[in-house]
Amino acid sequence: MHPLFSNPGRLTLYLAAWIPAAALVAIEFATVGNLPWGAAIALAGPLALAYAFVCLAAWYPCRATPLQTSGGARLLGTHASAALLSAGLWIVLASAWARTLASMGYTTAFERFSDQVPALFVTGVLLFAVSVFAHYLLISYEAARRSETRSLELDVLARDAQLTALRAQVNPHFLFNSLHSIAALIGSDQAGARRMCVLLADFLRDSVRFGGRDQIALGQEFSLVRQYLGIEQIRFGNRLTVREEMAPALEGALVPPLLLQPIVENAVKHGIAGLIEGGTITVRATRTPSELVLTVDNPYDVDRAATSGTRTGLQNVKRRLDTEFGSAASLRIIEGDGKFSAEIRLPLKIIDEKTPDVPTSAKATAGPPKPGEGGKVAPASGATTPTSARVGVPQ
Amino acid sequence: MTTPLRVAIVDDEAPARAILREYLGLDPAIEIVAECLNGFEAVQAVANLKPDLLLLDVQMPKLNGFEVLELIERDVAVIFVTAYDQYALKAFEVEAVDYLLKPFGPERLTQALERVRARITQGQPKPEHKLAARLRDPRSPVNRLLIRDGANVHIVPLSKVDYVEAQDDYVSIHAERRSYLKEQTMGELETALDPRHFVRIHRSFLLNIDRLAKVETTDKDSRVAILRDDTRLPISRSGYARLSELLGG
């Protein structure tokens with residue numbers, strides 16, 4: 001159904017817009033057609049009103065042939081035939097009305113109505129064209145409003161995802177297990193217990209601090225990952241080894257905060273924790289000309305029970321990437337043969353505004369300036385050869 | 001009451017074992033007979049050392065705490081020790097004596113140990129063997145079979161199983177040219193498996209449908225399933241109906 005019928009206010013406005021049209025037709029009848037003014041108005045008023053409703057039909061062809069996707073020939077063909085048909089219908093209505101008025105005893109002036117037919121037909125076509133134009137305006141206005149609603153919804157989703165990430169961050173079980181480890185260390189290794197308290201406090205403080213931002217530097221994200229895995233290394237001992245690879249030039253790349261957290265958590269929970277011998281979690285940042293590529297690799301037990309891993313963490317990451325970057329970012333999971341790999345690709349944006357994400361840029365400087373490190377030159381091949389690797393050793 | 005309580009600690013995390021060792025050291029009537037780092041070791045320890053009590057973590061490599069219970073003779077008291085509270089109900093259903101949430105203090109463990117001693121002196125009925133197996137969540141998919149062979153545990157992925165044969169109170173699981181005996185009835189096993197892949201073709205045979213090569217009709221009403229490796233299994237009349245339904249749909 002036509003959207004105007006569901007909105008009385010707008011329908012009234014639309015009909016009011018037809019008063020000038022009615023006036024125009026009346027003037028046409030009075031001057032060109034030499035009808036008396038009274039007769040001209042009696043004829044034109046109801047005709048304009050009827051045509052107002054006929055022209056609402058323009059909504060259907062407008063909807064069927066969207067401006068953006070339909071060719072010019074198709075647009076012209078569709079609307080021209082609709083206009084001719086509508087104008088024709090109007091003429092039929094007009095003749096009937098003229099005859100009715102004549103039979104009601106009005107002057108014979110109406111008998112001269114047939115002289116007015118060509119002019120009336122042209123007017124009808126023009127009015128229909130105006131209606132088509134108005135309908136396209138209405139449709140694009142509605143589309144704009146819908147996309148505004150959609151962007152608001154996306155906003156809410158993004159905030160939701162952030163909250164979820166934050167909640168996953170301060171995963172109570174992670175906290176309980178860490179506190180249990182601290183309680184254990186107090187009995188045997190007081191210095192170790194103290195160290196773990198500090199690690200845990202640093203991690204919690206940073207995750208709350210960074211979690212509230214829209215974007216953080218990759219260097220900060222990696223530091224969060226390092227703190228988290230450092231705590232888990234106390235729990236798992238030599239079963240957990242961490243390997244970190246990031247070209248220094250990528251330290252200033254911007255990422256949503258805590259993006260890697262659910263993935264790293266999964267790597268521990270569904271990977272290392274299920275292996276008697278444990279294994280190595282590798283966190284790697286590389287780049288293509290336009291993308292930042294983050295990968296987390298971990299081994300897992302091929303015989304593990306099917307119930308392990310509901311994947312909500314990974315789904316949250318995917319949802320976050322979708323809301324923030326749309327199709328420009330992706331999360332790919334490769335799983336098999338005891339190896340699990342999660343790869344995130346997102347648009348590369350480096351903090352230094354002088355060297356934006358230009359593909360040929362060989363001078364991307366590391367984000368947070370450090371003494372003696374400002375303006376360090378990254379190799380153009382930084383995407384494939386990581387220039388720094390850190391191997392974590394359990395305490 | 002003078003004989004010490006023989007305890008096995010089962011946890012894959014070193015700090016968690018250390019704190020139990022420390023707390024248990026406060027009680028002179030406790031003897032730690034084993035420290036197990038995973039479910040395999042726990043099954044072995046129970047078979048070889050017959051402890052009175054298992055202090056059992058839930059999430060561990062290879063076998064989780066409940067799977068350990070599924071595999072052992074249940075003449076041992078169990079206290080679960082975990083950071084997760086969502087297993088508490090299940091722990092109660094497998095008649096665990098207590099459920100300790102990490103982190104906990106020495107008083108809480110003492111309280112749990114008192115319950116264990118009370119249960120032992122009162123000589124309460126032992127939890128029924130294989131209870132855990134029946135309590136498996138029917139919604140969670142089973143993708144592997146756990147089979148105990150003395151002190152060893154075999155994990156057989158379902159995709160490797162050719163067929164299962166009933167043998168009194170046991171089932172014989174045939175996989176990769178080997179067969180494993182598991183103490184479970186055919187009916188129990190059948191309900192745990194995905195009916196889209198495993199079909200009961202005979203009172204005594206459960207077939208992995210992927211292994212079926214062809215069905216041969218020998219007499220007018222007797223049929224034989226021929227497997228990819230040329231094994232021949234009998235098909236009963238109702239078994240044939242089930243098989244046809246599965247293959248037809």
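Me: Where is Pro103(B) found in chain B?

Reply: In this predicted model, Pro103(B) sits in the loop between strand S5 (98-101) and helix H5 (106-122) of chain B.

Me: What is the peptide bond from Lys102(B) to Pro103(B), cis or trans?

Reply: The bond from Lys102(B) to Pro103(B) has omega near -5° and is cis. Most peptide bonds are trans.

Me: Why is Lys62(B) called buried?

Reply: A residue is buried if 20 or more other C-beta atoms lie within 10 Å of its own. Lys62(B) has 23 other C-beta atoms within 10 Å, so it is called buried. The residue is in the loop between strand S3 (53-56) and helix H3 (65-71) of chain B.

Me: Why is Asp168(B) called exposed?

Reply: Asp168(B) has 6, so it is called exposed. Asp168(B) lies in the loop between strand S8 (161-167) and strand S9 (170-175) of chain B. Its phi is also positive, about 55°, although Asp168(B) is not a glycine.

Me: Which class does Asn238(A) fall in, buried or exposed, and why?

Reply: With 12 or fewer as the limit for exposed, Asn238(A) is exposed because it has 11 other C-beta atoms within 10 Å. Asn238(A) is placed in the loop between helix H9 (218-236) and strand S2 (240-246) of chain A.

Me: What makes S13(B) and S14(B) a pair?

Reply: Two strands pair if there are at least two bridges between them. S13(B) and strand S14 (residues 223-227) of chain B have five bridges, in the antiparallel sense. They therefore meet the cut-off of at least two. Thr217(B) has Arg223(B) in S14(B) as its bridge partner.

Me: How many bridges join S14(B) to S15(B)?

Reply: Four bridges join S14(B) to S15(B), and these strands run antiparallel. The cut-off is at least two, so S14(B) and S15(B) count as paired. Ala225(B) stands opposite Leu233(B) in S15(B). S14(B) and S15(B) form a hairpin with four residues between them, and Asp230(B) in the turn has a positive phi of about 70°.

Me: Which residues make up the covered face of S15(B)?

Reply: Leu233(B) and Ile235(B) form the covered face of S15(B), while Arg232(B) and Pro234(B) form the uncovered one. In a regular strand the side chains alternate between the two faces of the sheet.

Me: How do you know what span to expect of helix H7 (residues 172-188) of chain A?

Reply: The expected span is 1.5 Å times one less than the number of residues. H7(A) has 17 residues, so 24 Å is expected. H7(A) reaches 25 Å from its first C-alpha to its last, which is close to that value. Among its buried residues are Phe174(A), Asn177(A), Ser178(A) and Ile182(A). The buried residues of H7(A) pack against helix H8 (190-211) and H9 of chain A, together with H1 of chain B.

Me: Which part of chain B gives the largest share of the side that touches chain A?

Reply: The contact takes 21 residues from chain B and 24 residues from chain A. H1(B) gives the largest share of the chain B side, six residues. By class, that side has 12 nonpolar, four polar and five charged residues.

Technical notes: Residues are numbered from 1 along each chain as its sequence is written. Chains are lettered from A and ligands numbered from 1 in the order in which they are written. This is a predicted model: local features need pLDDT of at least 70, side-chain atom pairs count only at pLDDT 80 or more; totals for chains, interfaces and linings use all residues. Two residues are in contact if their C-beta atoms, placed from the backbone, lie within 7 Å. Ala, Val, Leu, Ile, Met, Phe, Trp, Tyr, Cys and Pro count as nonpolar, Asp, Glu, Lys and Arg as charged, and the others, Gly among them, as polar.
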